[in-house]
Amino acid sequence: MQRINKMKKVLTNNLVLILGVIFTIVGAIVIAVGVVSNISSREFMENAVSTNAIIEEIEVDEHGDETDHYVFVTYEYDGNEYNRVQLNYYSSDMYEGQEIEIYLNPDDPRDVRTSEGELFFAIFPIVFGCVFIAIGFPMIIYKIHKKNKKTRLIESGQRIIAEIESIDMDYNITINGRHPYRVFCSYNNPYDGYIYKFKSDILNFNPNDFYNIGNPVDVYVEQGNFKNYYVDVIDKSEGLVRDYT
């Protein structure tokens with residue numbers, strides 16, 4: 001049980017990093033799919049033959065909140081007529097009876113595509129993947145920066161003793177269905193007379209179990225720059241629990 005709880009804490013503490021890695025990996029995979037699709041599309045278009053086709057029918061399939069459209073075309077090639085051949089692309093400006101340009105595989109004349117469809121399937125995965133990476137990679141950088149900042153401040157920063165003013169839930173953030181906590185504290189600097197206020201990082205444990213209003217708490221600040229700080233709120237249950245269940 002204790003091992004499971006530790007694992008849950010590790011996952012919660014590293015949730016941002018884990019999500020960032022997942023988003024970045026998914027984005028990279030989708031981009032790779034887009035690149036492969038782009039290469040395949042380019043090879044197809046280089047060997048394809050263009051001809052005109054008539055949109056014979058557009059089937060509409062509604063299921064739930066989604067609507068799918070299936071486009072079927074008729075065309076002639078090399079003296080043969082091909083009826084009700086399905087395209088792999090639909091656009092809202094298509095309509096039955098419309099004449100469109102298609103590209104077909106001369107070795108398999110029923111393999112037909114449109115230039116718009118090829119462009120869409122080549123670009124969309126790359127754009128979609130870039131969006132995922134744009135979300136995930138900054139999350140990784142943020143988490144690494146936070147960890148490095150904490151280590152640097154503890155090792156080389158100035159340690160001051162602040163006083164806890166409040167312990168509150170952060171209702172703007174939800175992790176695993178729960179709101180994390182933050183500790184707010186202040187420090188009266190005897191050298192300049194100013195009162196400096198700080199807040200902790202989000203906490204996945206309840207600090208009310210170990211801290212009270214007015215208790216001291218360590219804050220590590222950068223020398224000469226109190227804007228760069230780390231509030232060292234400790235989960236005091238770690239190392240104290242002996243679970244033999």
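Hi everyone, thanks for coming. Some ground rules before the tour. The model is predicted, so local features need pLDDT of at least 70 and side-chain atom pairs count only at pLDDT 80 or more, while totals for chains, interfaces and linings use all residues. Residues are numbered from 1 along each chain as its sequence is written, and side-chain values use heavy atoms, with hydrogens and water left out.

Let's start with the sheet. Five strands make up an open, antiparallel sheet, in the order β3-β2-β1-β4-β5. Strands here are DSSP runs of E with at least two residues, helices are runs of H or I with at least four, and both are numbered from the N terminus. Two strands pair if DSSP finds at least two bridges between them. At the edges sit β3 (80-86) and β5 (108-113), each pairing on one side only. On average, neighbouring strands of this sheet are turned by 40 degrees against each other, direction ignored. Angles come from lines fitted to C-alpha atoms, for helices over the stretch in contact, and run from 0 to 180 degrees between N-to-C directions.

Now look at β4, residues 99-105: three bridges join this strand to β5, and the two run antiparallel. L104 stands opposite V112 in β5.

Staying with α2, which spans residues 15-47, we find T24. Is T24 buried or exposed? T24 counts as buried because its relative accessibility is 17%; the cut-offs are under 20% for buried, over 50% for exposed and partly exposed in between, with a 1.4 Å probe and protein chains only. Beyond neighbours within four places in sequence, T24 is in contact with F132, I133, G136, F137 and I140. For F137, the backbone nitrogen lies 3.2 Å from a polar atom of the T24 side chain.

Two aspartates to finish. D170 lies in the loop between β6 (158-169) and β7 (181-188). With 12% relative accessibility, D170 is counted as buried. Leaving aside neighbours within four places, the contacts of D170 are H179, P180, R182 and I202.

D235 belongs to the segment after β10 (225-231), and at 8% relative accessibility D235 is buried too. Its C-alpha atom is 8.9 Å from that of L203, 32 residues apart along the chain.

Thanks, and happy to chat!

Conventions. Polar contact = N/O pair within 3.5 Å; in protein donor to acceptor, adjacent residues only side chain to side chain. Contact = heavy atoms within 4.5 Å.
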